[in-house]
Amino acid sequence: MKIDWAALGSVFGVSLVATVALVGLFTLGIVGLSRQEQAAAQGGSATLARTGAYACFALCVAAVSYGIYLIVV
């Protein structure tokens with residue numbers, strides 16, 4: 001049995017970058033929702049924060065769906 005260490009390292013690197021990006025994107029969505037609640041409590045409108053948060057969550061769903069697609073197909 002021979003292990004292709006370069007391919008294993010490549011998979012590890014791509015997985016690490018994708019994980020950090022996905023967690024960061026989800027975190028931005030959570031921050032956007034908290035900003036929206038904070039602005040609503042102060043009497044302001046935070047449509048941009050809510051829209052940005054929903055966009056971040058939609059991108060997270062798209063990335064996870066694409067990953068599942070790659071596994072299945």
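**One residue and its setting**

Modeller: Beyond its neighbours within four places in sequence, cysteine 56 is in contact (heavy atoms within 4.5 Å) with Leu25, Leu28 and Gly29. Numbering starts from 1 along each chain as its sequence is written, and side-chain values use heavy atoms, without hydrogens or water. The model is predicted, so local features need pLDDT of at least 70 and side-chain atom pairs pLDDT 80 or more, while totals for chains, interfaces and linings use all residues.

Cysteine 56 belongs to helix α2 (a DSSP run of H or I, at least four residues, numbered from the N terminus). Its relative accessible area is 12%, so cysteine 56 is buried (under 20%, 1.4 Å probe, protein chains only). Ala53, Phe57 and Cys60 are buried in α2 too. The buried residues of α2 pack against α1, residues 5-41.

Glycine 24 lies 32 residues from cysteine 56 along the chain, yet their C-alpha atoms are 9.5 Å apart.

Now the helix pair. The axes of α1 and α2 come within 8 Å and cross at roughly 155° (lines fitted to C-alpha atoms over the stretch in contact, angles from 0 to 180 degrees between N-to-C directions). That makes α1 roughly antiparallel to α2 (over 145 degrees). Residues of α1 in this contact include Leu25, Phe26, Leu28, Gly29 and Leu33. On the α2 side, Ala53, Cys56, Phe57 and Cys60 are among them.

Notes
Buried < 20%, exposed > 50% of the residue type's maximum accessible area, 1.4 Å probe, protein only. Helix = DSSP H or I, 4+ residues; strand = E, 2+ residues; numbered from the N terminus. Parallel < 35°, antiparallel > 145°, perpendicular 65-115°, else oblique.
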